[in-house]
Amino acid sequence: MVKVIIGGQKHLSIPNLPRNSRHTLIRPKPFPAGRYPIEKIWYPLASFIPWQPLWERYQAIHSFNRILYTNKPWFLTFEDHRVLYRNPKNQGEAAIYELLNNRLALENCQKIIAISDYAKLRLTKRIQGWSIEEKVNQKVDVIHPNFPIRTNQSKLYQEDQNLQLVFIGNHVARKGGIVALRLAKKAEKLALPITIHIVSELGHGSGVPTDFPDRNKYSADLKLLNLNNVVFHKNLPNEKVLELLSESHFQLMPTLHDTYGYSIIEGFSVATPAITTNVCALPEFIRHNENGYILELPINDIKHWANWLHGEKTKTNEYWEIVNSTYDYLAEQALQQIMQFLERSDKREHYEFLSAGALAQAQIVHNSQKQNELFDNLYAAAGGGIK
């Protein structure tokens with residue numbers, strides 16, 4: 001049995017670890033403890049294992065979105081290229097990041113795990129021309145996030161109830177909640193039999209990727225939460241979210257940017273197909289007319305929404321016109337897709353096919369039981385073959 005230290009970003013680690021490991025996984029308390037982690041003093045310090053002292057021996061470390069300075073065998077799991085740098089502000093920070101990045105080429109870095117082909121693409125593009133490029137690329141493998149499978153059969157479609165759609169995302173604009181609300185408005189005008197559930201803390205505006213920074217621009221959209229065909233759930237525990245996913249016909253996530261989209265896989269675990277966009281990693285596990293529907297956005301060579309502006313440009317009227325028209329465009333695309341579904345003469349059979357496809361994706365690619373053995377074998381090898 002190998003003792004493995006788990007470090008780095010907790011939100012990334014949960015779906016990218018074995019769920020029932022035969023080894024001992026240890027998550028140390030941060031140092032210093034409390035609300036102010038050591039990286040608040042200087043961000044690069046987060047990569048130097050600033051944990052409270054461990055008196056027991058351990059054989060390996062599995063790090064998430066953090067390159068570590070350690071002599072132990074270690075693994076790195078990452079979601080995009082940002083693990084390589086944090087916009088160094090001076091020569092001191094730049095030197096630290098170069099030191100850390102070069103550690104990826106050392107022998108004790110056992111494997112570099114991308115959570116998607118998109119993540120792998122971002123890393124490989126970032127290190128093009130670096131001296132460590134060849135050694136790092138040889139270590140990179142893609143292992144998708146895993147979730148418990150919560151059902152063993154696809155859903156049956158009942159035509160005597162409203163079509164139930166659920167949007168899940170605390171960033172209501174970036175994730176597609178504004179699109180969902182505009183869709184609800186369009187559907188109400190057409191008297192379509194649909195209900196849209198919104199699960200969100202309604203985070204939006206300045207500081208959120210892709211959002212227009214002035215929150216006032218979103219006021220009219222947020223008033224749509226009061227529509228008769230919208231049900232707003234501000235906060236729900238995860239088990240209640242899973243119940244809602246299980247009771248819904250589709251998960252709706254028409255996002256402008258999302259590095260993965262864990263809630264979609266959780267929806268697949270209860271056989272709920274998804275309606276989403278073609279950005280980042282999403283097309284890797286959502287296939288149009290097989291386990292959901294894809295709404296097409298223009299994308300660039302790194303699979304990002306091509307019209308996304310950055311920095312000071314986000315504060316311009318031009319950018320508001322871009323995001324505003326894109327919300328409308330996606331809402332209209334979603335409306336047309338749903339109307340096509342409702343008008344199908346074979347929608348019952350077609351829905352059951354989509355549901356079966358969603359469940360199959362979860363069972364084959366994201367199955368926590370299958371990935372348990374994969375990770376356990378990696379840990380055993382790092383621990384010198386300890387079973």
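In this predicted model, the protein carries 44 positive and 38 negative side chains, and the centres of these two sets are 7 Å apart. Its accessible surface amounts to about 17900 Å², with 49% of that belonging to carbon and sulfur atoms.

The protein is built with 11 helices and 12 strands, and its C-alpha atoms fill a box of roughly 65 × 50 × 40 Å along the principal axes. The radius of gyration is 22 Å, which agrees with the value near 21 Å that a compact globule of 387 residues would have. Of the 387 residues, 55% are buried, and among contacts between residues at least 6 apart in sequence, 70% join residues at least 24 apart.

H62 is found in strand β3, while N65 lies in the loop between β3 (60–64) and β4 (74–78). H62 counts as buried because its relative accessibility is 0%, under the 20% cut-off, and N65, with a relative accessible area of 6%, is buried as well.

| Side chain | Partner side chain | Distance |
|---|---|---|
| H62 | T77 | 2.8 Å |
| N65 | Q9 | 2.8 Å |
| N65 | E79 | 3.0 Å |

Leaving aside residues up to four places away in sequence, H62 touches residues including V4, I113, F375 and Y379. With neighbours within four places likewise set aside, N65 is in contact with Q9, L12, L76, T77, F78, E79 and V83.

Key: Residues numbered from 1 in each chain as written. Predicted model: local features only at pLDDT ≥ 70, side-chain atom pairs only at ≥ 80, totals over all residues. Heavy atoms only, no water. Helix = DSSP H or I, 4+ residues; strand = E, 2+ residues; numbered from the N terminus. Buried < 20%, exposed > 50% of the residue type's maximum accessible area, 1.4 Å probe, protein only. Polar contact = N/O pair within 3.5 Å; in protein donor to acceptor, adjacent residues only side chain to side chain. Contact = heavy atoms within 4.5 Å. Rg over C-alpha atoms; globule rule 2.2 N^0.38 Å. Areas by Shrake-Rupley, 256 points an atom, 1.4 Å probe, with all protein chains shown as cover. Lys, Arg positive; Asp, Glu negative; His and termini not counted. Charge placed at Lys NZ, Arg CZ, Asp CG, Glu CD.
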